[in-house]
Amino acid sequence: MAQKTDKTNGSFDVSATLLEKLAETMGNAGLSEIEYVDGDRSLRLSRAAQVMAAPVAAAPAMAAAPALAAAAPAATAAPAPEPVSDVKTIDSPMVGTVYLAPEPGAGDFVNIGDEIKEGDTLMIIEAMKVMNHLPSPASGIVRRVLVSDGQPVEFGQPLIELA
């Protein structure tokens with residue numbers, strides 16, 4: 001989706017070459033959004049949301065296990081990874097900057113071990129100078145906070161794990 005703005009007359013002409021170059025840059029860099037600014041005019045391109053399965057927290061450890069087994073064929077067996085079927089991730093609904101507290105110096109909205117209810121504010125995501133409160137889509141206990149205060153996030157990036 002492309003949005004074109006011009007403070008003088010509301011729109012401006014965009015060449016197909018410029019659009020192709022911006023789309024290629026987005027693809028090569030793995031970006032979900034890009035903004036081109038020319039004086040008072042700007043053009044923002046964003047990719048359509050893709051539905052993806054939430055990543056499983058134990059996947060990296062499981063992927064590393066075959067490499068460790070091949071490197072050191074020891075007689076000791078590694079303990080089985082803990083089941084993650086009860087873990088639900090809450091993913092970012094937008095690109096922006098995460099703030100874990102309502103204001104600087106205040107306590108975080110949620111901490112590890114907190115019991116939360118559907119609709120509770122989990123954090124704020126600032127996008128285009130707008131502070132967006134992120135409500136919890138489900139109830140549960142906060143198992144892990146996967147981002148830090150002031151960290152930039154991408155669309156679909158896991159933010160919190162609930163048990």
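Me: Over which residues does pLDDT stay under 50, and how many contacts beyond four places in sequence does the model have for them?
Reply: This structure is a predicted model, and pLDDT gives the predictor's confidence in each residue. The stretch where pLDDT stays under 50 covers residues 49-76. For these residues, the contacts beyond four places in sequence number ten.

Me: Which element of the protein chain has the lowest mean pLDDT, and which the highest?
Reply: Over the protein chain, the mean pLDDT is 75, and 65% of the residues reach 70 or more. Among the elements, the lowest mean, 47, belongs to helix 2 (residues 59-71). The highest mean, 96, belongs to strand 10.

Me: How many helices and how many strands are in the protein chain?
Reply: Read from the N terminus, the elements follow the order β-α-β-β-α-β-β-β-β-β-β-β-β. In that notation, the protein chain has two helices and eleven strands.

Me: What share of the contacts with a separation of 6 or more comes from residues 24 or more positions apart?
Reply: The protein chain has 163 residues, of which 23% count as buried. Its accessible surface comes to about 10800 Å², and carbon and sulfur atoms hold 56% of that area. Among contacts with a separation of 6 or more, the share from residues 24 or more positions apart is 56%.

Me: Which residue of strand 7 stands opposite Tyr99?
Reply: Strand 5 (residues 96-99) pairs with strand 7 (residues 121-127) in the antiparallel sense, over three bridges. Within this pairing, Thr97 faces Glu126. The residue opposite Tyr99 is Ile124.

Me: Which residue in the hairpin of strand 7 and strand 8 takes a positive phi?
Reply: Strand 7 and strand 8 pair in the antiparallel sense over six bridges, and Thr121 stands opposite Pro135 in strand 8. The hairpin has two residues between the strands. The residue with a positive phi, near 55 degrees, is Met128.

Me: Why is strand 7 described as largely enclosed by the rest of the structure?
Reply: A residue counts as buried when its relative accessible area is under 20%. Strand 7 is largely enclosed because, of its seven residues, the number buried is five.

Me: How many residues has the largest nonpolar core?
Reply: The residues with the most contacts inside this core are Val98, Leu122, Met123, Val147, Leu159 and Ile160. Strand 7 and strand 11 (158-162) each supply at least two residues of the core. Apart from it lies another core of five residues, including Leu18, Leu22, Ile34 and Leu45. The largest nonpolar core has 15 residues.

Me: Which residue of strand 9 stands opposite Ile116?
Reply: Ile116 lies in strand 6 (residues 115-116), and its relative accessible area of 4% makes it buried. Beyond its neighbours within four places in sequence, its contacts include Val110, Leu122, Gly140 and Leu162. Strand 6 and strand 9 pair in the antiparallel sense over two bridges. The residue of strand 9 opposite Ile116 is Gly140.

Me: What distance separates the C-alpha atoms of Ile116 and Ala138?
Reply: Along the chain, Ile116 and Ala138 are 22 residues apart. The C-alpha atoms of the two residues are separated by 8.1 Å.

Me: Which residue forms a salt bridge with Arg144?
Reply: Side chains of opposite charge can pair when their charged atoms come close. The cut-off for a salt bridge is 4 Å between nitrogen and oxygen, and the closest N and O atoms of this pair are 3.7 Å apart. By this rule, the count comes to one salt bridge. The partner of Arg144 is Glu161.

Me: Is Glu161 buried or exposed?
Reply: Strand 9 (residues 140-145) holds Arg144, and strand 11 holds Glu161, 17 residues apart. These two strands pair in the antiparallel sense over three bridges, with Arg144 opposite Glu161. Arg144 is partly exposed, at a relative accessible area of 41%. With 3% relative accessibility, Glu161 counts as buried.

Key:
Residues are numbered from 1 along each chain as its sequence is written. This is a predicted model: local features need pLDDT of at least 70, side-chain atom pairs count only at pLDDT 80 or more; totals for chains, interfaces and linings use all residues. Side-chain values use heavy atoms; hydrogens and water are left out. Helices (H or I, at least four residues) and strands (E, at least two) are DSSP runs, numbered from the N terminus. Buried means under 20% relative accessible area, exposed over 50%, partly exposed in between (1.4 Å probe, protein chains only). Contact means heavy atoms within 4.5 Å. Accessible areas come from the Shrake-Rupley method with a 1.4 Å probe; for residues, only the protein chains shown count as cover. Two strands pair if DSSP finds at least two bridges between them. A nonpolar core is a set of buried Ala, Val, Leu, Ile, Met, Phe, Trp, Tyr and Cys residues joined through side-chain atoms within 4.5 Å. pLDDT is the predictor's confidence in each residue, from 0 to 100. A salt bridge is a side-chain nitrogen of Lys or Arg within 4 Å of a carboxyl oxygen of Asp or Glu.
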